[in-house]
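Dear colleague,

I am passing on the structure below, and I would be glad if you could look it over alongside the notes that follow it.

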Amino acid sequence: MLHNVIILLFIYFQAGNMNHEKVMLHDSDLIRPGKPWMDVDNRPINAHGGGFLIHEDTVWWYGEIKDGETWEPESIREWNGSRVEAKGINCYWSVDLINWKLAGNVLKAIEHDSAHDLHSSKVLERPKVIFNDKTGKFVMWLHIDSQDYSYSRAGVAISDSPRGPFKYIESIRPNGQMSRDQTLFKDDDGRAYHIYASEENMTMHVSRLSDDYLSPSGEYKRIFIDRHREAPAFFKHDGKYFAITSGCTGWDPNPAEYAVTDDIMGEWKVMGDPCIGDTRGTTFDSQGTYVLPFSGKYIFMADRWQRLDLENSTYVWLPMEIENDKIHIKWYDQWSLNQ
Ligand code: GAL
């Protein structure tokens with residue numbers, strides 16, 4: 001009861017800060033993995049391959065807009081590829097991780113210039129945002145690709161506010177290397193890392209960013225060499241760094257694998273599949289995108305892709321148990337942050 005009152009007050013004051021937008025409360029505090037999830041305006045949350053940022057007690061969720069018809073382009077049929085027209089990157093905010101309000105499309109796709117990285121024919125995936133304490137800017141990195149995924153670049157965009165809009169700067173091949181599925185990790189010392197599937201998805205790179213987070217510093221480490229991993233989610237717990245990744249089977253799910261290290265730019269120890277009771281070996285029919293530490297818990301966040309109906313893909317969020325260097329992820333039909 002008291003908890004609900006506190007959340008209500010929080011949302012009331014946040015709503016005040018947000019130009020008095022109306023925020024309606026969800027009827028429960030339960031997270032239901034894989035089930036359709038409505039925002040506070042009763043529209044399906046549309047933010048796939050998402051990245052999360054906690055800034056001044058508000059949680060910001062950035063994700064791919066999957067909207068409209070899904071089709072299978074000839075150029076990617078060989079690996080069962082499918083796509084929707086790119087629309088941009090949605091941003092939602094919440095204070096309780098249950099009730100989400102759309103802040104808007106913060107990096108819009110471009111209609112008229114087909115050569116532009118953000119043209120609607122391109123692939124805009126896995127956006128992640130971190131805050132730079134020195135510059136006071138919010139920096140987004142995302143996967144930019146051509147329809148056949150041969151462009152394999154990382155795009156960078158910047159904003160003065162977590163609610164955007166983000167100003168697109170450019171795309172690069174970090175350290176001269178291919179970059180597809182990607183994430184960001186900001187360490188306690190303010191150093192930030194861009195982690196991307198490289199070398200035709202065979203090997204991942206951990207690339208330290210420059211002090212302003214807008215370009216690679218030049219220092220990078222090849223990890224999971226020839227292991228063919230993607231969908232990276234990196235986090236830190238008790239001084240250890242953890243990585244959860246997926247295998248490379250397009251939109252179809254496969255077993256997750258995690259790894260641990262004391263030094264993010266050092267040697268990683270591969271530990272195996274963190275999922276317990278996942279009899280089909282499909283990460284509970286999902287593919288990871290982020291791990292969010294929130295309210296004393298670590299939440300594994302993943303996408304349950306619908307390959308032929310991408311806009312109806314759902315989200316699988318599960319609480320993780322961490323014991324020394326081991327991670328366990330179990331299935332719950334529904335669970336509460338307070339349990
Ligand atoms: C997956 C990747 C997704 C998306 C998809 C396209 O392997 O993790 O982000 O790129 O392929 O088929």
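The mean positions of the 36 positive and 51 negative charges of the chain lie 1 Å apart; please keep in mind here, as throughout, that this is a predicted model. The accessible surface of the chain amounts to about 14600 Å², and carbon and sulfur atoms account for 48% of that area.

As for the overall fold, the chain contains 1 helix and 23 strands, and its C-alpha atoms occupy a box of roughly 50 × 50 × 45 Å when taken along the principal axes. The radius of gyration is 19 Å, which agrees with the value near 20 Å that a compact globule of 339 residues would have. Of these 339 residues, 57% count as buried, and, among contacts between residues at least 6 apart in sequence, 51% join residues that are at least 24 apart.

Is I31 buried or exposed? I31 counts as buried because its relative accessible area is 1%, where the cut-off for burial is under 20%. Once its neighbours within four places in sequence are set aside, I31 is in contact with I98 and W317, and also with D333, Q334, W335 and L337. By way of a further distance, T70 lies 39 residues from I31 along the chain, and the C-alpha atoms of I31 and T70 are separated by 27 Å.

Conventions: Residues numbered from 1 in each chain as written. Predicted model: local features only at pLDDT ≥ 70, side-chain atom pairs only at ≥ 80, totals over all residues. Heavy atoms only, no water. Helix = DSSP H or I, 4+ residues; strand = E, 2+ residues; numbered from the N terminus. Rg over C-alpha atoms; globule rule 2.2 N^0.38 Å. Buried < 20%, exposed > 50% of the residue type's maximum accessible area, 1.4 Å probe, protein only. Contact = heavy atoms within 4.5 Å. Areas by Shrake-Rupley, 256 points an atom, 1.4 Å probe, with all protein chains shown as cover. Lys, Arg positive; Asp, Glu negative; His and termini not counted. Charge placed at Lys NZ, Arg CZ, Asp CG, Glu CD.
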